[in-house]
Amino acid sequence: MESIVGKILCDRYRVIEQLNQNRFSSVFIAEPLDSSDGGQCQIERLQPNYDSEVLGARSWQKILQAFMTQGNIIKNISQHPQIPRLLAFFECDREFYLVREFIAGDNLEQKLAEGLLNEAEAISWLKEILGVLSFVHQADIIHLNIQPSSLIQHQNGQKFLSNFSSVKNTIFFDKNLFKVVGDDDFHPPEQKEGNPDFSTDIYALGKTIIYALTGKVSECIRSSADTSGEDNNGVVADIKPELADILNKMVSSPSQRYQSASEVLEELDFDREVVTLPPPVFTNFNPPVASPKSRKKNKLPDGYAAKSKQKIIWLLLALPFAVALVIVGIGINRNSYNNFKIYSNDNYEFEIKYPQDWSSRNLEDPITGEVVVFSSDTETATDSYQESLYITVEYLPSATTTLEEYTQTVFERIKQARGRDVEVYQDRKTKIGKYPARRVIYSREENGLQLRQMETFTIKEDKVYVAIYTAERAKFSKFLKTAKKMIASWKIE
């Protein structure tokens, strides 16, 4: 196939160099002609395995329509901060092109050339990619192409999930090709048979991590701490038995496999701290025995007194545990905000906690409703954007405005202020203190910077309380937990 290096595609992208090529596609680095900052993008040229010259017009239109439909779907979900953004997709001279955001970093396949993953690194990859998969599956999309080359780590450490198969499967429409787009080593049996489901991605990710830990493709992994002596039962890695069990369940048969990414994430918390409480100590504990006379006087049923004594004993035994658990719970709750300070505002009757290394600045702007802004500490002198959390309190035009009605006004405001290109990729119900709340996440651009913004808001009487977290797209996830923790501490009187 003729090289396109040096050519200009769609009057918009100049192809600079070729990165790689396989039997399905070629990947290039390009620069948009309308880019003033010298930014680059990645272009994938799909290579269909059919003769487009003899393809009937009706079949061609079906393929083109399916390509455009799937392209729009992937463009929508690529608003997630850990999915490379699909900038454009188009057909030119009966060839298909996908234009993606260029992620400066290496994919997992390239990283493995330098050395295998250790346990901590494997868990980190699992947690981040499972988080992305949970979002993708909620959008009713199956990735179908998870393998080492589809997992990318940015230079700042953030991990991305790329190379979705749904667009390619509209081009490689041959049923046999559909089964093997990508590396067949990481596909489960049901995908090879043409019957994938959400657990198909769970299998592929599990097999990918097993490979990253051992350098071998296997459906079974054992911990080096396993002394069962079954030396021939799968590959061995220096990991905890709990992680080996999780990976083995990920790659088991469909009926035994995890059915959702959230299930795997829950079990990956096996390393969380567990407090073991000592058993209560009783010395010469002899409960009083009722005399026959008193039993007769009260006319209790046979065995009733004995059962009552047993209940009392069990309550006494359980009491120290209950007290200890309450103490531990209080301690954990306090420790979770150890490095936080409290900001109070008497005018609007609220308080919120924020990290000690963040700054706070009172605004009290009657026009915008902004009350205070919390800003992260500048990491380097070259930081182009300082991550912030704004607290805003606005008076509503009507005290009967509902949360749902206000949410619709938020959507309208986003579109009016940011233009039609802004797409909301998360809209969830949540809580702020005791009040029901809403959380909306969307992307926007400011002075050439790609930003992510999360608005969390609730209504109390005639006022709406809003927390707006803004960060660079590449760092949005890095500070997201801190922002959510701050919002979780927000108390509105």
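Biologist: How do strands S5 and S6 pair?

Modeller: This is a predicted model. In it, S5 (residues 86–92) and S6 (residues 95–101) run antiparallel to each other, with six bridges between them.

Biologist: And which residue is the bridge partner of Cys92 in S6?

Modeller: That's Glu95.

Biologist: What sits between the two strands of the hairpin?

Modeller: Two residues. Asp93 is in that turn, and its phi is positive, about 55°.

Biologist: Switching to H7. How many residues does that helix have, and what is its reach?

Modeller: H7 covers residues 198–214, so 17 residues by the DSSP run. From first C-alpha to last it reaches 25 Å, close to the 24 Å expected at 1.5 Å a residue.

Biologist: Is H7 mostly covered or mostly open?

Modeller: Mostly covered, with 15 of the 17 residues buried.

Biologist: What happens just after H7?

Modeller: Gly215 comes in there with a positive phi of about 80°.

Biologist: Which residues have the most contacts inside the largest nonpolar core?

Modeller: Leu126, Leu205, Leu213, Ile221, Leu247 and Met250, in a core of 53 residues. Helix H3 (residues 119–138) gives the most to this core, 10 residues.

Biologist: What does Leu205 touch, leaving aside neighbours within four places in sequence?

Modeller: Leu205 is in contact with Leu126, Ile129, Leu130, Leu133, Ile146, Leu151 and Met250.

Biologist: What other core lies apart from that one?

Modeller: One of 31 residues, including Tyr337, Tyr343, Leu389 and Ala483.

Biologist: In general, where do nonpolar side chains tend to go?

Modeller: In soluble globular proteins, they tend to be buried together.

Notes. Residues are numbered from 1 along each chain as its sequence is written. This is a predicted model: local features need pLDDT of at least 70, side-chain atom pairs count only at pLDDT 80 or more; totals for chains, interfaces and linings use all residues. Side-chain values use heavy atoms; hydrogens and water are left out. Two strands pair if DSSP finds at least two bridges between them. Helices (H or I, at least four residues) and strands (E, at least two) are DSSP runs, numbered from the N terminus. The expected span of a helix is 1.5 Å times one less than its number of residues. Buried means under 20% relative accessible area, exposed over 50%, partly exposed in between (1.4 Å probe, protein chains only). A nonpolar core is a set of buried Ala, Val, Leu, Ile, Met, Phe, Trp, Tyr and Cys residues joined through side-chain atoms within 4.5 Å. Contact means heavy atoms within 4.5 Å.
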